[in-house]
Amino acid sequence: MPIRRRLLAAAVVLAAALPAHALAASLRGPNVEGELSVSGLTAPVRVLRDAHGIPYIFAQNTPDLIRAQGFVTAQDRLFQLEGYRAIATGRLAESVGASGLASDRQIRLLGLRRNAERHAQLLAPQARDFLLWYAQGMNDYITQHADDHPVELRLAGFVPTPWTLEDMVTVLHFVNWSQAANFKAELQMQKLIDKFGADKALRELAPVNVNPDRTQQPVIVGSAAGAAPLGAVQLLAGLGEPDAPLAPIAVGSNNWAIGKSRSASGAAVLVNDPHLDARMLPGIWHPVGLFTPEIQAVGAALPAVPGIQVGRTAHVAFGLTNAYGDSQDLFIEKVAPGQPDHYVDGAQVRPFQIIDEVIRVKDKEAPGGFREEKMRIRATVRGPVISGPVFGYDGEALLSLRMASAELPAGGIGVDQLLTARSIADVDRAAQAMDVIYFNYVFADTAGGIGHRATGRVPVRASKQGSHPKPVGTSDDWQGFIPPDQMPGMITPARDWVGTANNDNRPDGYAYDYSSYFASSYRIRRIGEVLGQGKGMTTADQATLMMDAQNLQAPRLKPALVAALRDDPANADLARILEAWDGRDDQDAAAPLIYHHLYERLAYETYVDEMGDKLARSWLGNWYAWQERFDELVQTPDSPWFDDIRTPQKETLPDLVRRVAATVRPELQARHGADPAQWKWGSEHRIYFYSPLRTRGFGRDFLGYPEAPMSGSGATLLRALSPFMGGFDVNFFASMRLVADLGDDDKVEAVVSGGVVDRQFHPNQKDQLSAWSEGRLLNWWFAPAQVEAHAVHRQSLVPR
């Protein structure tokens, strides 16, 4: 776009979004120079910031360190913090009006706040203090520095108020919900059971879970315990997706560690790239350095969670992925005959617990600017009844949702122990203490030890299954919880590398029904291919591996595509392009564009005749549910699934491939020209980033970050996932990349997909995106001397 047109576009967008004084405040950003008074501090704290705005906090004790972290996080991310709290507490409509109602209804029904209030009362003193110190720092910025607040708060309708312990814990429970929302997968499985019967659904459509480390492969979800069609009730006839504000954050990620025998430095190296939809600037992670006489740490934190969740200290390094531990079950409840306000619980009849909620809705037409919406929630001893319009699951049957997060015991939160861990054994103990969050933590220490451990609280089920709803029995299906030290894990294996990629990592003979839902094995197998051969690996080698676009799913299907199209005169050129393809999802290559279009459409055509359009799209939209299953099916080209029951003839896989190609080819030619050799994956596989002030339409790219082509796919280590048959815009990717070489005492090498500060036009709102897009890592300083040498801004926080 010519400069004059760009300036005109900018002027129009700014005039619409920000008044002049507000624009000036946003450009000024938080005050990061000089001296500020902060309540609660017992001694002065120094905050140094580098050219990217990363704060490095130097305190004389841990309470002051965490208070200062809360203050600094509020300086940088108050708009984001208030948004998180509004969503997590079910009070979004209070700020944004009716558009937040769907989110609030779901959160209130789930009872995240109710669970958090109970949990807060059970916290150990150390965990309680850790959270309260952080809240104290945030609250000082909220109450004492209002003139420094971002204008985005007012534009979005947020009015910041002091945070409580319950607010802090509620955010942790929202993170839990984002990670462990298994009930949607259960409902999807039930819909397949309703359609095909329990035997066929579980035998032919249930997920196939693969762990490359197991000798017994694969593990198939096959328990029919309690599985039965719900008959005329058609429980899932109204299955729909929750509205966007609440839909749990999809979380994935890769992480791995190599020991001394495989690294160039002779020290252990940890790598992590958490996969999230982080397109809204400045991203999700807040980079930070934390220093006291006892603590030296640098990494990244989730706003509202103190400490660091990814990074390194003087002794250890750690990173996370989603573990997909199944902590939720749906139960089919039965209303007591003749007593509509009671339900049957084994041999007993109990009254429903009634919970009344009132949602305030911002409404300029209402007296006082607000109206109220009342909710009445029914709950059983297992949990809230979720059937009904709030989640779109209508029908006569009643489903209750039982969540382990509603039954947490007294204890800590684990994250507070990471800063003082001195070995992988200490990190392992910290991970085992993380009841409310469900991560696969990979870790390393300066002695060369490496390991991983799944966190969270997963029930031991008498039924041996949590893959689909089950009727309430005469005894409790939950018979306790998996002991923390028996959660999936591995400590310093002989091969001298560990890794996770949301995959099934249960070993042979694992005793517990940990989960039925995992990522496909393509990424973990690629990690194993490279690390298993690696010697003398540098941090540059690790960065290259994070950007690896080799697709290990493609070899499972490509031969069938080539064989079917080679003798098809209309599409033989597509076969030649695919046959020559090296399997890399490169943005400048034609083959990935052809392959992914054929792959998606072939999967859809395989199942749509039996399932119908709605069920097929719903099931296939959950990639992990079907990919390994489909890979196996392709090896049987005359499977009945490939026969289109809508036609009189019998189709096989090659027939379906040729049919799909005949549909896909003209669509691609219309968009990209007649010659397939000139097509490019990146012409459709693209990514963009946006400002919360302009999420779409005119001005999106100016306020955000211009749309660009991207290599990779959902199956590659360079994660670039798109919605199934929803176009190829990338909405799930590495929100951060980090390499921590414990032999490098100066820095970690890392980058976030955005920046540090959540203020429009602030120079540190999106300044790391150019490096992120190019696959470069930046220096996040670890040595205090390097922090001093690279400081651009200096601030002193003093006791008020």
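**Exercises on a predicted model**

**Exercise 1.** In this predicted model, describe the hairpin that S2 and S3 form, and state which residue in the turn has a positive phi.

*Solution.* Step 1: five residues separate S2 from S3 in the hairpin, and Gly 53 in the turn carries a positive phi of about 80 degrees. Step 2: strand S2 (residues 45-49) and S3 run antiparallel and are joined by four bridges. Step 3: for Arg 46, the bridge partner in S3 is Phe 58.

**Exercise 2.** Determine how S3 runs relative to strand S9 (residues 286-291), and which way the S3 residues point.

*Solution.* Step 1: S3 and S9 run parallel, with three bridges between them. Step 2: Phe 58 has Phe 291 of S9 opposite it. Step 3: from S3 (residues 55-58), Pro 55 and Ile 57 point one way, whereas Tyr 56 and Phe 58 point the other way. Step 4: all four are buried, that is, under 20% relative accessible area.

**Exercise 3.** Identify the residues that touch the most other members of the largest nonpolar core.

*Solution.* Step 1: this core has 157 residues, and Trp 285 and Trp 780 touch the most other members. Step 2: the greatest contribution, 12 residues, is from helix H3 (residues 62-88). Step 3: a separate second core of 63 residues has Met 189, Trp 581, Leu 593 and Phe 732 among its members.

**Exercise 4.** Characterise the second largest pocket by volume and lining.

*Solution.* Step 1: the pocket holds about 490 Å³ of space. Step 2: its lining comprises 22 residues, with Arg 85, Ala 86, Thr 89, Arg 91 and Glu 94 nearest the centre. Step 3: H6 supplies the largest share, four residues.

Key. Residues numbered from 1 in each chain as written. Predicted model: local features only at pLDDT ≥ 70, side-chain atom pairs only at ≥ 80, totals over all residues. Heavy atoms only, no water. Buried < 20%, exposed > 50% of the residue type's maximum accessible area, 1.4 Å probe, protein only. Helix = DSSP H or I, 4+ residues; strand = E, 2+ residues; numbered from the N terminus. Pairing = 2+ DSSP bridges. Core = buried A, V, L, I, M, F, W, Y, C linked by side-chain atoms within 4.5 Å. 1 Å grid on protein atoms, 1.4 Å probe; cavity = no way out; pocket = protein on both sides within 12 Å on 5 of 7 lines; lining within 4 Å. Points joined across faces, edges and corners; volume = space filled by probe spheres on them.
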